[in-house]
Amino acid sequence: MTKPDFIYAPSLKKEFRCKVPLPDTRQLFVVNGTVQGGGAPLDIRIGEGERMERMLQIIDVRDSGRSNELSYCENFNFGKGALGRIVKCSHTFSLDSFRTKEKVTISLGEDSDVEFIVMQNEHNGAEHDTSYEIKLESGARLNMVFLSLHGGVVRNNVKVSLCGPHADCNLSGLYLTDGEQLMDYSVDLVHEVPECRSAQMFKGVLDDRGVAHFNGLIKVVPDAQKTEAFQANHNLLLSDSSRAYSKPQLEIYADDVKCSHGATVGRLNEDELFYMRTRGIPVREARLLQQMAFANEVLEKISSRELRERMASLTEKRLRGEFAHCRNCSRNCC
Amino acid sequence: MDAMLKITDLHASVGEKEILKGINLEIRPGEVHAIMGPNGSGKSTLSAVLAGKETFTVTSGEILFEGRDLLAMSPEERSWAGVFLGFQYPVEIPGVSNVNFIKAAVAEHRAQRGLPALSAAEFLKQMREKMAYVEMDSSFSSRGVNVGFSGGEKKRNEIFQMAMLDPKLAILDETDSGLDVDALRIVATGVNRMKRPDNAAIVITHYQRLLDYIIPDVIHVLYKGRIIMTAGKELALEIEKKGYDWIINDKA
Ligand SMILES: Nc1ncnc2c1ncn2[C@@H]1O[C@H](COP(=O)(O)OP(=O)(O)OP(=O)(O)O)[C@@H](O)[C@H]1O
Ligand SMILES: [Mg+2]
């Protein structure tokens, strides 16, 4: 199994400038933990009570000249009471066709508090399939935000298990498609024990012949009383040939629970559009304001202001149809 | 003086249904025209057609604004040219803040006039000044456009936007409806402060009381898609007392 390149950008939290250049050879930088090199999976452990003061950025890069099929694993382990901040970016640097299969496990110990941002920005030739296995022990809090900005085929399979009481899991996602792109999200979230909370908010903006799937299962086992579980999936179609398929599912075997889900597929509101135009905002800008308003509900889940603004600007560029890369990051990739 | 707005034999429909059935109207700079008329007579339709709403199809007639063919222009071009519509039902735009909205609009107006963008400080200064016109609290800036605003707050926001954009022709569609006495005075004062010899207004209303504050040069009565009477400002009082029947019956 080959692995992609990883960079740790220590100054990310401050200015988002990578001071560490992309290494020629694979190099791993670690914060408060250990990394096993060689052919083993990337293994990041944040020990008991350790607090990551700065955000750890991991950039998975696929360049030309590598094997076009690639599989790798990344494991994140947060000890009891640990504080974790991770940003994981995936990019392709060439128009070649790539297939990437990725397995990510995230395990949150008791009372740990983790924010995990996934940003995917790849070329149309890229097919990227990731399965996430996420486990939360009692009192653990996870805030996970997926931003699928670009990519030929993007599949995210997210399995979450809430296995200790008072675990709290927020999952949000924004996916943008145009051309022939396909984005496929599948969330399978299980409340294994009582008194946990989960909230999901997934939104898509689909243009051209873009297609998106959202399959979201919330399962509440018989003993998991006092569960609170919410799920929302909203899609905005910008063209006649774009398609959104949404399949929310609730399987609830406990009786004392609060659960809800909702899914919508809609278009830009014409009355809003007209109102903005009468104020002199050109139709293109007005549409963009509406799309950003729609996307913001997901973007605002990112708690760091700098990162949120960075991601919002990438999203806006993407929606304008401009090449979306951030300045100031290494190799202009993110 | 040449007319600022000249509407000639304007017909407009929704689908098969004709709503405006031959409107003629001329407004010169400095004038204020009131339009009254029973519910459903076509007042909002006329203002929407002037602002460029595509729901309505203009089947015949002409609208000239400062000599330019208004019907050939997009809604944003009309705004740049100086036409402003204060909506009867202002639209809520969740997720777009009031300040970003008006900032985008002002920036576009300036760019269209070849003016440099305002500095952040200058923009905020103007914004504060114009919000004060309508006694709007600064906490409204960060809220979504009209989202959760009360009826009266929405109308004040319309006048605030008008003040920021400084139009040549303001069309105020029932800006007075839903306002309490104080709000009515505030909105009317806001409108009056902007009155100049080189701009004009169309004020659509059901009530004489607004016209106590904003004094019109003429009042038109619109009925079933036609202007059936044009008179001086005294007409409002008469309508208040006697309703529209006498005018309608007189025409029939
Ligand atoms: N989109 C539409 N589809 C069908 N009919 C419409 C549409 N818009 C307006 N109408 C009809 O056109 C007529 C005129 O409506 P309009 O809103 O212009 O009246 P108004 O004079 O502004 O009334 P009000 O005093 O109640 O505000 C009404 O009969 C209304 O039902
Ligand atoms: Mg009306």
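User: Where in chain B is Asp250(B) found, and why is Asp250(B) called exposed?

Analyst: Asp250(B) is found in helix 9, residues 245-251 of chain B, where helices (H or I, at least four residues) and strands (E, at least two) are DSSP runs numbered from the N terminus. Its relative accessibility is 56%, and a residue is exposed over 50% relative accessible area, buried under 20% and partly exposed in between (1.4 Å probe, protein chains only), so Asp250(B) counts as exposed. Its C-alpha atom is 9.7 Å from that of Ile228(B), a residue 22 positions apart from it in sequence. This is a predicted model, in which local features need pLDDT of at least 70 and side-chain atom pairs count only at pLDDT 80 or more, while totals for chains, interfaces and linings use all residues. Residues are numbered from 1 along each chain as its sequence is written, chains are lettered from A and ligands numbered from 1 in the order in which they are written, and side-chain values use heavy atoms, with hydrogens and water left out.

User: What makes Glu69(A) exposed or buried, and how do you know the class of Gln120(A)?

Analyst: Glu69(A), found in strand 3 (residues 69-78) of chain A, has a relative accessibility of 52% and therefore counts as exposed. Gln120(A), placed in strand 6 (residues 113-121) of chain A, has a relative accessibility of 2% and therefore counts as buried.

User: How do you know that the length of helix 5 of chain B agrees with what a helix should span?

Analyst: The expected span is 1.5 Å times one less than the number of residues, so the 15 residues of helix 5 (residues 151-165) of chain B should span 21 Å, and its end C-alpha atoms, 22 Å apart, agree with that. Helix 5 of chain B is mostly covered, with 13 of its 15 residues buried. After the helix comes Asp166(B), whose phi is positive, near 50°, although the residue is not glycine. Asp166(B) sits in the loop between helix 5 and strand 9 (169-173) of chain B, and its 33% relative accessibility makes it partly exposed.

User: What does the same test give for helix 4 of chain A, and which of its residues are buried?

Analyst: The 16 residues of helix 4 (residues 305-320) of chain A should span 22 Å, and its end C-alpha atoms are 22 Å apart, so the two agree. Its buried residues include Leu307(A), Met311(A), Leu314(A) and Arg318(A). Gly321(A) follows this helix with a positive phi, near 80°.

User: What makes Ser44(B) and Gln88(B) count as donors to the magnesium ion?

Analyst: Donors are N, O and S atoms within 2.8 Å of the metal (3.2 Å for Na, K and Ca), and sites may look incomplete since water is not among the atoms. Ser44(B), through OG, and Gln88(B), through OE1, coordinate the magnesium ion (ligand 2) at 2.0 to 2.1 Å, so both meet the limit. Ser44(B) lies in helix 1 of chain B and Gln88(B) in the loop between strand 6 (83-86) and strand 7 (93-97) of chain B, so the pair ties together parts that are 44 residues apart in sequence. Ser44(B), at 30% relative accessible area, is partly exposed, whereas Gln88(B), at 15%, counts as buried.
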